[in-house]
Structure formats: C-alpha cells, structure tokens
Amino acid sequence: SAPWKAWYKTTRWKALRQTILIRDAYTCQRTGAALGGKSPDPDSPVVNHKRPHRGDERLFWDPNNLEVVAKSVHDSTIQREEQDSLHQRGVWS
C-alpha cells in the first residue's frame, strides 16, 4: 500500500479538508451544485486534488490544489480524466 494513503487519516488532513469545504461553501466547483449529502451519496462533498499528487507531499497538502466536488463528479468525470492522463503520459499502455 502507498504510504500517502495514511495521510488521509491524519488530523492534519481532516483539518485541511474542513477548511476547503468551508472555503468552497460546500459547493461543487465543477457544476456549481450545493452539496448536502452524506457519503456515499452522489451529492456528498469530496475534497479533490485538482492536479493528482501521486505521493508528492507538496501537491497533497497545497490548499490551492484542492477543490470541493460532488462525489458523483469525483467518481466519474475526475477519475476518467486522471486515467486518461496516465495513458497520455505513457504511464499505462
């Protein structure tokens, strides 16, 4: 397992996540929809890394690299974008 996965369980991440949720007013930054669901509801808020961190601590903790999105957007559109970028960079063949 990747060591960075443990970062999501830290007090530091939980505090940063809360800061981003408040900053973005629990609103999906991709669709403009207000998010009020509880995980795993499609309208629950997810704090997303705009640029995938891939274990880079600087990107992981950078508030400017974070945005609130709906779980439905994160699990579909954003995951598809990330997978496509791996193919384009030749990480996967």
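Which residues are linked with Arg30 in a network of salt bridges? In this predicted model, the network joins Arg30 to Glu67 and Glu81, a salt bridge being a side-chain nitrogen of Lys or Arg within 4 Å of a carboxyl oxygen of Asp or Glu. Residues are numbered from 1 along each chain as its sequence is written, and side-chain values use heavy atoms, with hydrogens and water left out. As the model is predicted, local features need pLDDT of at least 70 and side-chain atom pairs count only at pLDDT 80 or more, while totals for chains, interfaces and linings use all residues.

The structure holds five salt bridges. In one of them, Asp75 pairs with Lys71, and the closest N and O atoms are 2.4 Å apart. These two residues are separated by about one helical turn, because they stand four residues apart in helix α3 (residues 71–88); helices (H or I, at least four residues) and strands (E, at least two) are DSSP runs, numbered from the N terminus. Asp24 forms a salt bridge with Arg23, with 2.9 Å between the closest N and O atoms. Asp24 is buried at 10% relative accessibility, whereas Arg23 is partly exposed at 42% (buried, under 20% relative accessible area; exposed, over 50%; partly exposed, in between; 1.4 Å probe, protein chains only). Between Arg58 and Asp56 the corresponding distance is 3.7 Å; Arg58 is exposed at 54% and Asp56 partly exposed at 29%.

Aromatic residues were examined next. Rings of Phe, Tyr and Trp (its six-membered ring) pair if their centres lie within 6.5 Å, and planes under 30 degrees apart count as stacked, over 60 as edge-to-face and the rest as tilted. By this rule there are eight aromatic pairs. Tyr8 and Phe60 form an edge-to-face pair, 4.9 Å centre to centre with 70° between the planes. This pair links distant parts of the chain, since Tyr8 lies in the segment before α1 (11–23) and Phe60 in helix α2, 52 residues apart. Phe60 is buried at 0% relative accessible area, while Tyr8 is partly exposed at 30%.

His53 lies in the loop between β1 (45–49) and α2 (57–61) and is buried, with a relative accessible area of 8%. Not counting residues up to four places away in sequence, His53 touches Trp4, Tyr8, Leu59 and Phe60 (contact, heavy atoms within 4.5 Å).
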